[in-house]
Amino acid sequence: METLSYRHRAQQRMAGSKSMAIIGVVASGNLEVLAERVLPDTECQVDISTAAEGFGAVWEAVVADFVERSSPGGLKFSINDGGARPDTVALRLAQAVRLIEENDR
Amino acid sequence: MKEWARQKAARKARIEAGSRHARGKAVAVTDLQDFLEAVLQPGDRVCLEGDNQKQADILAAALADVDPAKIHDLHMVQSGVVLPEHLDIFEKGIARRLDYSYSGPQAARIARMLFGGQIELGAVHTYLELFARYFVDLTPNIALIAAVSADADGNLYTGPNTEDTPTIVEATSFKGGLVVAQVKEIVDKVPRVDIPGDQVHFVVAAGKPFYVEPLFTRDPAAITETQILTAMLAIKGLYAPYGIRRLNHGIGFNTAAIELLLPTYGEKLGLRGKVCTHWALNPHPTLIPAIEAGWVEQVHCFGSEVGMEDYIRARSDIFFTGPDGSLRSNRAFCQTAGLYSCDMFIGSTLQIDLQGHSSTVTASRIAGFGGAPNMGSDPRGRRHPSEPWLKAGAEANPDTPAHMRRGRKLVVQIGETFGDKNVPLFVERLEALTLAEKLKLDLAPIMVYGDDVTHIVTEEGIANLLLCRDRDEREQAIRGVAGYTDIGRGRDAKMVQQLRERGAIRRPEDLGIDPLDADRRLLAARSIKDLMLASGALYAPPPQFRNW
């Protein structure tokens, strides 16, 4: 088990009013992402707990791209990873912000 | 005085030698080894029918049992090297030289034997190319073929897996060669005549059907969300804007995902009747939901697929069928259709380099190509226009006057940036090059050349190589969809951004694709059982796919 944490400045606050979103499953080759609106508007944090060790450089790149593309200001992400490939990680993160940017109904 | 009919005389001698082990045209399985030793000569060029799907397995086993002291140095010319016996004959010294197209299940062993010098390799061909050579410089002396049934005159019924047979027989029988067919049984009257009896010299009743592999069955249960996202990119970013009506799909999960998204995602985009109406395609079970939803007008097939027989029979408006009701496939005609009549080929590969060359050959596996290099190439002899072809041509050559501008076939490579076992799809250098050096080949076994590839689709986006104007742009467009592979991480971010602004790279967000749609619920069938139900129980999945 390896834990990683990345903190970034985000260009803008993530739209929407939901305070939390969760997507994915903890399974081999998959991951679960919890997004919470708990940080100041220009900040973003991604905490990762992963079963696959030694992929820090790839995580760092995936997270940096994600922050640049989605600008998830104000969000803290907690990832429970079962050894997902980077494409799956990027997809789940994109799905998480899509969920949280929807307005609360 | 020069003799001008030596081949016919030689065939007559072979028939006389063979007849000593036959009753009329019928050879008993127990006499097969003696029979083959009688009709074969050392150094003969032999086509042992090994197609993509059906296999002349009884004849293959008998050939592997002949005495190498009597029969040796055969030159095998066959499209598929599929059965262990196809290589056993090289190990035993019965055969020496090989010209072929595809070796899926034997890919690792054929690599070992090539390295070990047990096989003298002619070339790895595309199907149509090997068939073409049957008529020019690789005409078989003997063809050992497979059919379902025969009558006493040798008329053959192939059933739905006609595949290569008419082509092999045409080349062999009309050029002085000998044709021997294995069938399950000899009957009074065949259900339809696929091969006329006067082209067939001997028939072996094997007592059981030839071996055939369900090569085109993809279980929807194994399709991932990344593959669904990639399929959505292809549909919205390629099929829709180019208006692709005539096409061929490869056999991977990525294209299976596209087939299963047509009735759901494609319907939502209003594409029914506008794309995917005419196909050169094996009867993929994953196409059933699209056919049932009214997407497909017609499909011509290279071969059949195990379990699809009754479904095809009940859908003769869609498929080509004979007077007996079953499918008539033909690999040579369908490959020609895929080359000249389709506007798009889309398929997977194992390795793509920085100029877009792709290959399924790795250092330890030589799988061959099958039909991919044929369908995945731009036919320079094409003359009829179509909307997608003209549009692609205009993208590639915007400055050429329209009346003098060739169109372009869309040749699309699709895959996830990391494939099976996390192996990256994108590489600095193809292993095919290493292989060519090791085996001292004149040509590296490239499946699709970079200058034929028009688009590369991954979950990260679509690279449109038609819009790239030089090597650097091409390289960066490829890096720009290579995700987190080393190739992808080595991109020039600024240049990739510029390519994106020009539309040479398009990402899911550029196309308005919602990542939340990348969900297995979007598949029109999520299991083999769903496919069976969608077919009205006409599709009969083979046992290994029945997991309920």
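In chain B, strand S9 (residues 149-150) and S10(B) run antiparallel and are joined by 2 bridges; strands count as paired here if DSSP finds at least two bridges between them. Within this pair, B:Ser149 sits opposite B:Tyr157 of S10(B). The two belong to an open sheet of 3 strands in chain B, ordered S10-S9-S12, with mixed pairing. Strand S10 (156-157) and strand S12 (185-186) of chain B are at the edges with a single partner strand each, so one side of each has no neighbour in the sheet. Helices (H or I, at least four residues) and strands (E, at least two) are DSSP runs, numbered from the N terminus.

A word on the model itself. It is a predicted one, in which local features need pLDDT of at least 70 and side-chain atom pairs count only at pLDDT 80 or more, while totals for chains, interfaces and linings use all residues. Residues are numbered from 1 along each chain as its sequence is written, and chains are lettered from A and ligands numbered from 1 in the order in which they are written.

Taken as a whole, chain B has 19 helices and 24 strands. Its radius of gyration is 24 Å, close to the 24 Å that the globule rule gives for 548 residues, so chain B is as compact as a globular protein of that length. (That radius is taken over C-alpha atoms, and the rule is 2.2 Å times the number of residues to the power 0.38.) The C-alpha trace of chain B spans about 75 × 55 × 50 Å along its principal axes. Some 56% of the 548 residues of chain B count as buried, where buried calls for 20 or more other C-beta atoms within 10 Å of a residue's own, with C-beta atoms placed from the backbone. As for contacts in chain B between residues at least 6 apart in sequence, 74% join residues at least 24 apart; a contact here has the two C-beta atoms, placed from the backbone, within 7 Å.

Chain B splits into domain 1 (22-212) and domain 2 (220-532), with bounds that come from an automatic or database domain assignment. The centres of the two domains of chain B, taken over C-alpha atoms, are 32 Å apart. Where they meet, 31 residues of domain 1 of chain B contact 32 residues of domain 2 of chain B. On the domain 1 side, at least two residues each come from strand S6 (95-102), helix H5 (107-115), helix H6 (127-134) and helix H7 (165-173) of chain B. H5(B) gives the largest share of that side, 6 residues. By type, the domain 1 side is made of 16 nonpolar, 10 polar and 5 charged residues. In this count Ala, Val, Leu, Ile, Met, Phe, Trp, Tyr, Cys and Pro are nonpolar, Asp, Glu, Lys and Arg are charged, and the others, Gly among them, are polar.

Further along chain B, strand S15 (residues 246-249) has two parallel partners. One is strand S16 (residues 278-280) of chain B, joined to S15(B) by 2 bridges, with B:Arg246 opposite B:His278. The other is strand S18 (residues 344-347) of chain B, paired with S15(B) over 3 bridges, where B:His249 faces B:Ile346. S15(B), helix H9 (residues 253-268) of chain B and S16(B) together make a right-handed β-α-β unit. Right-handed means that, with the strands pointing away from the viewer, the path from the first strand over the helix to the second runs clockwise.

Helix H16 (residues 471-479) of chain B has several buried residues, including B:Arg474, B:Glu475 and B:Ile478.

Chain A has 2 helices and 5 strands, following the pattern β-β-β-β-α-β-α along the sequence. Its radius of gyration of 13 Å agrees with the value near 13 Å for a compact globule of 105 residues. Of the 105 residues of chain A, 36% count as buried. A:Phe66, in helix H1 (residues 56-70) of chain A, is buried, with 22 other C-beta atoms within 10 Å. Beyond its neighbours within four places in sequence, A:Phe66 contacts A:Ala90 and A:Leu93.

Finally, the contact between the chains takes 15 residues from chain B and 11 residues from chain A. Helix H8 (residues 225-242) of chain B supplies the largest share of the chain B side, 3 residues. That side divides into 6 nonpolar, 4 polar and 5 charged residues.

Technical notes:
Buried ≥ 20, exposed ≤ 12 C-beta atoms within 10 Å, placed from the backbone.
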